[in-house]
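Q: Hi! Could you walk me through this one while I look at it?

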Amino acid sequence: MNAATGSICFCNTLTRRKEKFVPIESGKVGLYTCGPTVYDYAHIGNFRAFLFEDLLKRWLEYRGYKVTHVMNLTDVDDKTIRGSQKQQVPLEEYTAHYTKAFFEDIKTLNIELADYYPKATGHIPEMVKLVKQLIQNGYAYKGQDGSIYYAISKFSNYGKLSHIKVDELKAGARVKTDEYTKEEAQDFALWKAWTPEDGDVFWETELGKGRPGWHIECSAMSMKYLGETFDIHCGGIDNMFPHHENEIAQSEAATSKKFVNYWLHNEHLLVEGRKMAKKLGNFYTLRDLLGKGYDPIAIRYLLLSSHYRAQFNFTFEALDAAGAAVGRLRNFARRLEGADGNGSGGKVAELLRGVQRSFGEAMDDDLNVSVALAALFDFVREVNGLLDADVVSGSEADEVDAVMKRFDGVLGVVGEVAEEEALSKEAEELIAKREAARKAKDWATADALRTRLSELGVVVEDTAQGVRWRLVKKT
RNA sequence: GCUGGGGUGGCCGAAUGGUUCAGGCGGUAGCCUGCAGAGCUGCUCUAUAUGGGUUCAAUUCCCAUCCCCAGCUCCA
């Protein structure tokens, strides 16, 4: 709708500034997001990244852009190889299990599917081609161990994303013992020569027997699906260096073109104020939380409701609060259905204009979702007031509902009011009996029936427009 | 160690050089309801880590201190 105005701004890691978003091709966006390494179940920190990217994509779509979204699946690296060997299953079988789990999880969290999910193992030829190009351009060399390395000293722009100066990288920070075959300690592997530890995981290629380095897959696959220069690349802040820095070095050295126009990085999640770590006992996968009985949509709301560039402190108290906030939005959606007033005299229309403007301006400003949600809740409160006064007409309620659905197309937390969920015959009869009792002012019977229904997971609410019911999860 | 981000009420989280520091959650009182639920309204007592400085005015800018987090080669 507002795509033509180009009013969206993002904080671009490349410049460390907020910039107006201008796509390469009007009305279209090429988006690449670093996906999971399928060696284990993804944890809630991973999902914060995927949810941020989902919000970004949905917002671009809200503003009328046609987004082509690519997310890679890293299915060959040290961790996947080690994992498969430990379980003594073929690599493909091992990664297939966690890939399947990943897709189940993103469905659970109501994350929209990307257009492409390229796997590293499915793009070996593309990677080989890219490495050959880098050798030809003089940016890569073969080490004594037979691996192909990227010579970062040849790429003058190295460090432009992370603002790291290569010669300041502390050698003392972390030095791997097996790196003596490289010309410089900071050089990274494009192609790793086979070693016995790799077992049967290798490809015979023009680069020799071995497997790809980690960074090359994202360069090869993003350019394959989105072109040599594309609009937006996202990932967690930890990927900024070295991964994304290396992607730039590989891609730009191969093509002599700018790789990506906008780099967006999300900050990490803390859990109860601490870094999430297995040894601290605060490490949670999505499945852990579902196992504790939490609503995945509450998890979605919580991880989405604060700004992506700020560290976010995950607590169970906040998760409960998120569930309640979602409940408020759902109650509102349900309430609209019963509206049958005579019209608000233009008040609803005015509120609708206001909330669309405020919500939109907030989201356009580097996805300031907290401010957008504040605008949304202000709106909900005001319309609830009008509903209390019974002045909202059916057609006004429909308009409100339509706008709420558009917002929810971005937030993805309300969903359809579940009317299809049929009441059991027993519950239906109990409701009818209760109505009869209420009519007869037999409150004792009516309350007993309400308690009985509640035990069946049916909450009944009496309203001016008649009885309303909803199903709740039995706990 | 070097580099960068951050510390806001009972909890989570916005925003800003200046009339009362969003919003959600929780608590509480009132309205509504047969009661409840949902909803609305009020309240939640000194909420901006600490100590200085600049300023007519700082939570916001500057300095110092404390604490948390991240990056420093394959962790979102």
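**The parallel sheet**

Q: How do strands β3 and β10 pair?
A: Strand β3 (residues 28-33) and strand β10 (residues 230-236) run in the parallel sense and are joined over three bridges. Pairing here requires at least two DSSP bridges between two strands, and strands are DSSP runs of E, at least two residues, numbered from the N terminus.

Q: Which residue of β10 does T33 face?
A: T33 sits opposite C234 in β10.

Q: Before we go on, what kind of model is it?
A: This is a predicted model, where local features need pLDDT of at least 70 and side-chain atom pairs count only at pLDDT 80 or more, while totals for chains, interfaces and linings use all residues. Residues are numbered from 1 along each chain as its sequence is written.

Q: Thanks! What is the strand order in the open sheet?
A: The order is β4-β3-β10-β11, four strands with parallel pairing.

Q: Why do β4 and β11 each have one side without a neighbour?
A: β4 (66-71) and β11 (260-266) are the edge strands, each with a single partner strand, so one side of each has no neighbour in the sheet.

Q: And how many degrees between neighbouring strands?
A: On average 20 degrees, direction ignored, using axes that are lines fitted to C-alpha atoms.

Q: Switching topic: how much of chain A is buried?
A: Of its 475 residues, 50% count as buried, meaning under 20% relative accessible area with a 1.4 Å probe, protein chains only.

Q: What does the C-alpha trace span?
A: About 90 × 50 × 35 Å along the principal axes of chain A.

Conventions: Chains lettered and ligands numbered in written order. Heavy atoms only, no water. Axes fitted to C-alpha atoms, helices over the stretch in contact; angles between N-to-C directions.
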